[in-house]
Amino acid sequence: MTKPATSPQATVLGNALRSINGRMTTELVQVPGDFGLGQVPSRLAPDATTTSVCGFCSTGCGLKIHLKDGQAVNLSPETDYPVNLGMACPKGWEALTPLAAPDRATTPLFRGADGVLRPVEWETAIGAFCDRFKNIQTEHGAHSVAWIGTGQICVEEFAFLGALGKFGMGMKHGDGNTRQCMATAAVAYMESFGFDAPPFTYADFEQSDVLVFIGANPCIAHPIMWQRVLRNPNKPEIIVVDPRRTETAVNATQHLPLKPKSDLTLLYGLAHLIIENGWIDEGFIAESTTGFDEFREFVHRFTPDKVAAETNLTVGQIYHCAESIHRGKAVSFWWTMGVNQSHEATRTAQAIINLALMTGNIGRPGTGANSITGQCNAMGSRLFSNTTNLLGGHDFKNPVHRAKVAGVLGIDERLIPHEASWAYDQIMDGIDRGEIKGLWIIATNTAHSWINQNSVPDLFKKLDFLVVQDMYATTETAQLADLVLPAGGWGEKEGTLINSERRFGPVKKVSRAPGQALSDFNIFRLIAHAWGCGEMFREWTSPEAVFRIVQQITAGQPCDITGIEGYQMLDECGGVQWPWPAKPYGAMESRREGALGTDRSRNPELQNSVPEQERRLFADGKFFTPDGRARFVYEEPRPVAEPTSPAYPFVLLTGRGTSAQWHTNSRTAKSAILRQLYPANAYVEINPEDAARLGIEPNSRVEVSSPRGRIVATAFVTGTVQPGQIFMPMHYAETNKLTHPAFDPYSRQPSYKHCAVNLKPA
Ligand code: SF4
């Protein structure tokens, strides 16, 4: 290994690190607190069984982890957890397997002058991190170093990263890979409701009599949510709006296979029909919304004939859908990436919100305009990563908010920037312009998942220093790094995750991180200390200590969680949805009664009632805007960024492949069981008409090209896609060699779902 640096900073850090590893005595510890490396927390007995929420998707299932001699040996779905009720998808069952992968990063790796990544001691790694980034800041300004984060680490880690990056290290720009999945929902809710507030609870899946899924395929993308739909006793109408005949569409009662990216036009057309027929909730509109008259005027021209022509649907299909929404007593609207990843994503999400508002389908059981989140802690990133909003859903531009956060943290208010960060794509553009010279990537795989993937290696060559903090040194992005910091994964640390229905759930440390890998939390602590801002974080000694700080920051916010009495309460209550403020509730016991009182698992007589444990927002018709009213927000639909052409006559759709795959496969590919459940190589779904016309045989090799690149994949000839359209799962590195870097102007979310390509036999 490379010898450690001998600066005073490195010496102090070295003492701390050796202490972390249990090889030095406690009097040498100069970073306070218990790092707990390699040890199961003492509150778990060596042979305990404990509940931890899953670290893959945003469903947030409870998993019962079985330990032997302090190490997790197996797991099973938690039957009492209110989210999954004893169910888990293949990824959840295999959640422990990626921890034991042979390609785990077990030591820091530093790229030498010969271009080879080699193991180094932590002292060298953290010393290089600080020295290189500080030199860049000295030469190019404090804002020339940025970070790209994730939706996969814990709330406490987000808070630490955000505070360290902006208040401790002086960065201005940091964003998350949640920009790629949830930025649209966050902006849409913010503008329409006054806060990024998904209103629903999972019980709504079971209580609707009409469920409308727009650009969502929960059958495979959120399979446990789909199981909740299947438990619905109302024989509900299930309407799927999607160009593909997805697994969910096959199981729907109505499928609207619209032209790709004509969803905004369809939603305005549905609004027009509902208004024209008098199917609106005038009382709710009058009491709880603003802007309806202008909206009514705006959608007047979206006549059924016009909408049918522009969506490739029939007038009958559109009318049937509108009438079904009208007939429903409890209608819920659900959307996910088919909406969020669009060139006009925010307005499309708001067109869904408008439908819920005008029909009064919000705040009641079985209703809502409901964004289903992607990653396990996308909501944690949205509220607590200090990127687009100040910690706890505050506003960087608001001096009262800055003063409040500074007061809670005990820092100089002048350390808080007065505006939000650049978005992910703007950071990438900043690299291209030479304004960002240092980049720190945490738990994401940019070189695979970025929409303009082909540009990434050349962009990163423009950096003076690239740090990747990850479980694996083998990801496409880690392979480009100058420095790799080995991180513990889910199961090797503790903290909390927030799921799609706003539920804080506990994550437990049930396994040792391999080698010298540290939790992200402890890596942040070491960096804070070595950077020279450790004093700012002297009370950030453990995830639970940070959780309490985070609670204080949320006081008075819509996401107020001051009433949660520590991690133990999360365990006892099956997680707690925000808000859970201290003030409106009485003594601790009554609060617990509130959370547990109608728990279905404890009271079988209440099987069909609404459990208090399942709480939704806006039951009182009051929203988080200054006047308490929700807003109708709308805009003229715009053409797609890259229409088809004679050279590129096909539309490429992308999305989730199977329930056994997760994003760039960096974890799911570690499981032999999961690998059996999806094709090993990239494939492309092709309509039989197109295949016959082009002479493409099933399972033959085909070439797909776009103006960005050319790839070869296996032909999957299937009627799930319409003629003129093809589909590729996003999990294969080939897919984003083709996608077009267009962005929604409001959320800056990439438009992964539509670009023009050509197709021919390979
Ligand atoms: Fe985990 Fe999501 Fe599967 Fe539940 S549905 S087990 S949270 S991956």
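Modeller: We begin with a definition: two strands pair if DSSP finds at least two bridges between them. Please keep in mind throughout that this is a predicted model.

Colleague: Which strands form a hairpin, and how many residues lie between them?

Modeller: In general, strands of a sheet pair through backbone hydrogen bonds, either parallel or antiparallel. Here the hairpin consists of β2 and β3, with 2 residues between them. Strand β2 covers residues 62–68 and strand β3 covers residues 71–77; the two run antiparallel and are joined by 6 bridges. One of the bridge pairs is K68 with Q71 of β3. In the turn, D69 has a positive phi of about 50°.

Colleague: With which residue does K64 form a salt bridge?

Modeller: Side chains of opposite charge can pair when their charged atoms come close. K64 forms a salt bridge with E78, and their closest N and O atoms are 4.0 Å apart. This pair links distant parts of the chain: K64 belongs to strand β2, while E78 lies in the loop between β3 and α2 (90–93), 14 residues apart. The count for the model comes to 35 salt bridges.

Colleague: Let us turn to the sheets. What is the order of the strands in the open sheet of 5 strands?

Modeller: The order is β10-β9-β8-β12-β13, with parallel pairing. At the edges stand β10 (254–256) and β13 (368–371); each has a single partner strand, so one side of each is left without a neighbour in the sheet. From one strand to the next, the twist averages 15°. Within this sheet, strand β8 (residues 210–214) and strand β12 (residues 331–335) run parallel and are joined by 5 bridges. I214 has W335 of β12 as its bridge partner.

Colleague: Which helices pack on these strands?

Modeller: Helix α14 (residues 315–327) packs on the sheet and touches β8, β9 (237–241), β10 and β12; its direction makes about 130° with that of β10. Helix α16 lies across β8, β12 and β13, running at about 175° to β12.

Colleague: What is the order of the strands in the open sheet of 7 strands?

Modeller: That sheet has the order β5-β4-β16-β15-β14-β6-β7, with mixed pairing. Its edge strands, β5 (117–119) and β7 (174–176), each pair on one side only. Neighbouring strands of this sheet are turned by 15° against each other on average, direction ignored. Strand β6 (residues 145–149) and strand β14 (residues 438–442) run parallel, joined by 4 bridges. The bridge partner of A146 in β14 is L439. Helix α4 packs on the sheet, touching β6 and β14, and its direction makes about 170° with that of β6. Helix α3 (residues 122–140) lies across β4 (109–111), β6, β14, β15 (465–470) and β16 (483–486), at about 140° to β15.

Colleague: How is the packing of one helix on another described?

Modeller: Two packed helices are described by the angle between their axes and the distance between the axes. Helix α4 (residues 155–168) and helix α22 (residues 520–531) pack at an angle of about 20°, with their axes 9 Å apart. Angles under 35 degrees count as roughly parallel, and α4 is therefore roughly parallel to α22. The crossing of α4 past α22 is left-handed. Residues making the contact include F160 and L164 of α4 and F524 and W531 of α22. By class, this contact of α4 with α22 has 8 nonpolar, 1 polar and 4 charged residues.

Colleague: Are α5 and α16 parallel or oblique to each other?

Modeller: Helix α5 (residues 183–193) and helix α16 (residues 345–358) pack at an angle of about 50°, with their axes 9 Å apart. The two helices are therefore oblique to each other. α5 passes α16 in a right-handed crossing. Among the residues in contact are V187 and F193 of α5 and I353 and L357 of α16. The contact of α5 with α16 has 8 nonpolar, 4 polar and 2 charged residues.

Notes:
Residues numbered from 1 in each chain as written. Predicted model: local features only at pLDDT ≥ 70, side-chain atom pairs only at ≥ 80, totals over all residues. Heavy atoms only, no water. Axes fitted to C-alpha atoms, helices over the stretch in contact; angles between N-to-C directions. Parallel < 35°, antiparallel > 145°, perpendicular 65-115°, else oblique. Left-handed = near helix turned anticlockwise from the far one by under 90°. Contact = heavy atoms within 4.5 Å. Nonpolar A, V, L, I, M, F, W, Y, C, P; charged D, E, K, R; others polar. Salt bridge = Lys/Arg side-chain N within 4 Å of Asp/Glu carboxyl O.
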